[in-house]
Amino acid sequence: NPPTFGVPCCLPNHLCHGIETGTPMSLSSWRIAVESDWRVLEAAPKELRSEREVILKAVGQAGSCLSYASEELRLDPEIALAALSSDLQAFDFVGDELWEDDTFVLKACASHLSVLERVKLSPLSRERRIMQQALRMNWNALQYASLELRQEPDLCLEAVQQHWRALIHVDESLWSDRAFMLKAIRCRWQCAQFLASELRRDGALYLEALRRDVAALDFADTAQRGNAAFMLEALKLQDVALKRLTPALYEDPGFWLSVVKELPHGWRLAYEQGPVSLRDNVEVMLEAVKRNVDVLEYGTARVRADASIMQEAVKQSWRAVTHASAKLDVSSILKAVEQDWRAISIYLDQLNGLEEIEDVQKLVKANPEIVRDDRLKGEKMVVLLAVKQDGNVLRFCTDQLRDDEVVAYAAVTQTWRALEFVSQRLKGEEDLVDLAFKQEGLALQHAAPALRAQPLVVMRAMK
């Protein structure tokens with residue numbers, strides 16, 4: 001019969017005439033015509049529709065021409081897959097027996113995933129088997145699964161492992177299943193956004209997501225981001241969680257106190273990223289200086305003048321005295337001086353004169369090296385106390401005091417080594433040298449050359 005479509009102009013004239021008029025043609029002529037335009041199959045003889053190569057080439061042009069193929073060729077897997085690959089409409093013409101073959105179904109899915117929507121996959125065990133394989137190819141296959149399968153946690157997790165968006169296709173009842181959602185979040189942190197309302201107060205689930213990416217906090221509601229305990233745990237995982245604090249929690253000094261106490265670098269977070277009000281908060285600063293005295297540079301003058309803060313800070317490091325905004329109490333300066341003599345210099349800077357020094361004896365006892373300060377190395381009273389504590393500090397005193405007999409005798413009495421630091425004049429004093437000899441004959445090396453040349457002196461040194 002003449003075809004119902006226009007004959008393609010690309011065909012030779014004799015073929016066009018034969019098709020238009022229904023004039024008998026050879027099979028070779030029909031093959032040429034079909035190869036040029038698959039629609040010729042509509043008018044082609046039955047035996048041509050049973051030729052495998054002809055149909056295979058035709059479905060390559062348009063999958064729907066499978067409708068003209070013989071029943072036998074509709075059951076040919078290669079032809080059927082070629083047709084489906086070209087056009088999903090070929091689904092209706094594929095032989096029913098092929099859809100009973102799991103391998104064929106999966107190959108068809110590779111071309112068009114929506115095949116799963118049309119094919120009847122029963123019983124449930126068969127659907128599960130095919131769906132598991134399909135999910136490994138494309139997680140989107142889950143959207144075509146039956147309700148029963150979209151409620152199965154294990155199957156749904158296979159899809160989630162590939163992409164978090166697979167949760168769009170699972171049954172919403174699983175969004176309320178804590179065990180399932182925990183596993184899903186561990187696979188893909190973005191799954192946290194699908195938590196059902198009854199799970200949104202479960203901080204542990206959000207923290208699990210946060211371990212993977214701080215952006216998970218964007219899925220937490222205001223109640224969670226305003227919860228001090230939850231946000232503290234979040235901070236332990238990711239510092240940038242601070243950017244997700246609610247305004248009220250951000251201004252809460254109690255929250256920052258916990259941050260300072262529980263995070264090794266909490267003091268830095270508090271004072272570099274926290275509210276300005278913390279700089280004048282005595283309680284928070286007191287905890288912060290226990291971790292690092294450098295935090296004092298952020299404190300207000302009022303805070304840096306607080307005795308309890310400075311006492312605690314000095315326990316940690318003598319350098320804390322550099323941040324004091326008021327005169328230090330004696331107990332604080334004593335602790336600082338014990339650590340390093342340089343603390344005395346900062347203390348003296350706060351005084352109007354040396355006469356304001358309190359408890360000089362305690363300061364010297366704490367560290368005799370305070371005489372290294374230029375303002376004390378010439379103070380005889382202070383130096384005398386210092387050399388009685390440690391005669392070696394005489395090396396730091398002025399030339400005038402190193403030539404002072406009272407100071408020199410006190411230093412050498414404390415240690416024979418101090419003889420090295422007395423003036424050249426006193427190194428020639430036999431009484432002073434003999435005092436050193438009583439402790440150690442090696443003191444002879446520090447005596448004046450004239451004394452070292454005297455045999456009697458040498459003999460006294462050797463006793």
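**Packing, charge pairs and ring pairs in a predicted model**

Leucine 210 is buried, with a relative accessible area of 1%, where buried means under 20% relative accessible area, exposed over 50%, and partly exposed in between, as found with a 1.4 Å probe and protein chains only. The model is a predicted one, in which local features need pLDDT of at least 70 and side-chain atom pairs count only at pLDDT 80 or more, while totals for chains, interfaces and linings use all residues. Residues are numbered from 1 along each chain as its sequence is written, and side-chain values use heavy atoms, with hydrogens and water left out.

Leucine 210 is found in helix α11 (residues 203-210); helices are DSSP runs of H or I with at least four residues, numbered from the N terminus. Leaving aside neighbours within four places in sequence, leucine 210 is in contact with Ala216, Leu217, Ala234, Leu237 and Gln238, contact meaning heavy atoms within 4.5 Å. Leucine 106, by comparison, is 104 residues from leucine 210 in sequence and 37 Å from it in space, C-alpha to C-alpha.

In soluble globular proteins, nonpolar side chains tend to be buried together. The largest nonpolar core has 167 residues, and those with the most contacts inside it are Trp99 and Leu116; such a core is a set of buried Ala, Val, Leu, Ile, Met, Phe, Trp, Tyr and Cys residues joined through side-chain atoms within 4.5 Å. Not counting residues up to four places away in sequence, tryptophan 99 touches Leu84, Phe91, Val94, Phe104, Val105, Ala108, Val115, Val119 and Arg126.

Ring pairs link Trp99 with Phe91 and Phe104 into a cluster. Rings of Phe, Tyr and Trp (its six-membered ring) pair if their centres lie within 6.5 Å, with planes under 30 degrees apart counted as stacked, over 60 as edge-to-face and the rest as tilted. A search of the whole structure finds nine aromatic pairs. The rings of phenylalanine 255 and tryptophan 256 have centres 5.4 Å apart and planes at 70 degrees, so this pair is edge-to-face, and both residues are buried. Tyrosine 271 and tyrosine 298 form a stacked pair, at 6.1 Å centre to centre and with 25 degrees between the planes. Because tyrosine 271 lies in helix α16 (residues 266-273) and tyrosine 298 in the loop between α17 (282-291) and α18 (301-304), the pair ties together parts that are 27 residues apart in sequence.

Side chains of opposite charge can pair when their charged atoms come close. The structure holds 31 salt bridges, each being a side-chain nitrogen of Lys or Arg within 4 Å of a carboxyl oxygen of Asp or Glu. Lysine 380 forms one of them with aspartate 404, the closest N and O atoms being 3.1 Å apart. This pair links distant parts of the chain, with lysine 380 in helix α23 (residues 380-389) and aspartate 404 in the loop between α24 (399-402) and α25 (405-414). Lysine 380 is partly exposed, at a relative accessible area of 36%, whereas aspartate 404 is buried, at 17%.

The buried residues of α25 are Val407, Ala408, Ala410, Ala411 and Val412, and these pack against α23, α24 and α26. A further salt bridge joins arginine 460 and glutamate 430, with the closest N and O atoms 3.0 Å apart. Arginine 460 lies in helix α28 (residues 455-462) and glutamate 430 in helix α26, so this pair ties together parts that are 30 residues apart in sequence.

Methods. Helix = DSSP H or I, 4+ residues; strand = E, 2+ residues; numbered from the N terminus.
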